[in-house]
Amino acid sequence: MRVRRRRRRDFTRVYILAACLLVVLAGVLAASFMGGGQEENPVVAESGIERPDEYMHVMVMGVDRRSDDAGRSDTLMVVTVNKTTGKAEILSLPRDTRVRIEDNGYDKINHAYAFGGSKLTRKTVEELLGVPMDYYVLVDIKAFERIIDAMDGIDIDVEKRMYYEDPWDDNGGLVIDLYPGMQHMTGDRAIQYVRYRDGEGDIGRIGRQQHFMRAVMDKMLSPAILPKLPQLVEEIRSAVETDMPLTEMVALAQLLPSVREQGMESVMVPGKPAYLEDVSYWLPDIMSLRELVSRQMETELADKALANAEKVKAQYDDSLPKGLTVMAENTDGAVHSAAKEAGKPADGNGAADTDNQEAAREKQKQAKQVAKADGPGDISVLIINDSGINGAAARLADRLRAKGFNVTGVDTGRKSDRSHTIIVTDSSNTEWFYGMPFPCTIMDGGEPNEAVVYIGQDYE
């Protein structure tokens, strides 16, 4: 009988370790106790950034693969882990980050995957950050929906009203209709939450990605997930590509208690938004970024690293094209640290959060309350060109900025045949959008300080 119990207990442990693998794939954590064994990138060596032996970097990509091309890495993160203490931090890289891509000049960082897959993306990230990536984890976004369903969904505390309707979406129509508060979401609805676009642009989108990952981690650390793990493992096989050895993924389990205890810091690449015609970019602040990378490893930039960062910054500034419009001052990369702010995850047995957790959640909600906009300068506007008219978004951005609006970004939409222009914003903003010099329909959605304009063919 003792032998049977030991085997049953060991079998359960195997499933617990498999759960850790899913956490890795969700981008919440990736670590190991053994080196990657890869050749050091000369560009990284030149950066002068010293990396203590106990630290590891794992690049996590969420790729939207398509039938007609290789797709884009719509989600890109670097997870930094201290293998001794179990402290982990996430650095999100906006998909519009303008970087040098080998043999392809300067372009958006998510295009590196289309040009050269995970290998070129890895090299591009290493050059930007100045540190090597030990491993990469690639997750097919469409397959990830099935993983969430295999978990019986996840619970996400939606931070605000989210509404958007697009009958011409590629998947046969899209409706995002979420209200504030805790929501139980299937894979499809969870991905819609992440896809939602608001006036905050990439900053808001990255915040939702990090919020989403915390929800996945909470579910995966729940004992209720154990009976579902065999199906989860099958779904993972179809969704994931990685060069991380299985033995090292198993070793990851030993760090989870420490990670759960300490929470996870989540930040994004510091910089500022800009656009050139209808193409939006995120311009990284090289100096602040290199300092951030060092801080995550609890070190400071040495003289050599500072000199190299200044050299890279000068080269980057010289590469900026004429006509580029910068839309805001630098941000310091601060995106809310969801896992840390909300306290430790629940115990996973279906019980309510502790009083401390509830207090933390209430404090978060109070901090998110937004007052009604007192003028157009209080409204952050994202412009998406769905019309097929070249330069329409840039011209509209100039018009709105002249009226005092805070334009946070422009982008080319997923289609080019939208017939009518719509403005999606909270009803309290309506008065500020009256008298637009083009035909448009104002739809209710979002918060008082945000708006998204979808340009149609009737714009010009």
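Tyrosine 316 is buried (under 20% relative accessible area, with exposed over 50% and partly exposed in between, for a 1.4 Å probe and protein chains only), its relative accessible area being 6%. This is a predicted model, in which local features need pLDDT of at least 70, side-chain atom pairs count only at pLDDT 80 or more, and totals for chains, interfaces and linings use all residues. Residues are numbered from 1 along each chain as its sequence is written, and side-chain values use heavy atoms, leaving out hydrogens and water.

There are three aromatic pairs in the structure. Rings of Phe, Tyr and Trp (its six-membered ring) pair if their centres lie within 6.5 Å; planes under 30 degrees apart count as stacked, over 60 as edge-to-face and the rest as tilted. Tyrosine 106 and tyrosine 316 have ring centres 5.9 Å apart and planes at 75°, so this pair is edge-to-face. Tyrosine 106 is partly exposed, at 31% relative accessibility.

## A stacked pair

The ring centres of phenylalanine 405 and phenylalanine 433 are 4.8 Å apart and the planes stand at 25°, so the pair is stacked. Phenylalanine 405 is buried, with a relative accessible area of 5%; phenylalanine 433 is buried too, at 2%.

## Charges over rings

A charge sits over a ring if NZ of Lys or CZ of Arg is within 6 Å of the ring centre and within 35 degrees of the ring normal. Arginine 98 lies over the face of tyrosine 316, 5.5 Å from the ring centre. The ring of tyrosine 179 has the charged end of arginine 161 over it, 3.9 Å from its centre.
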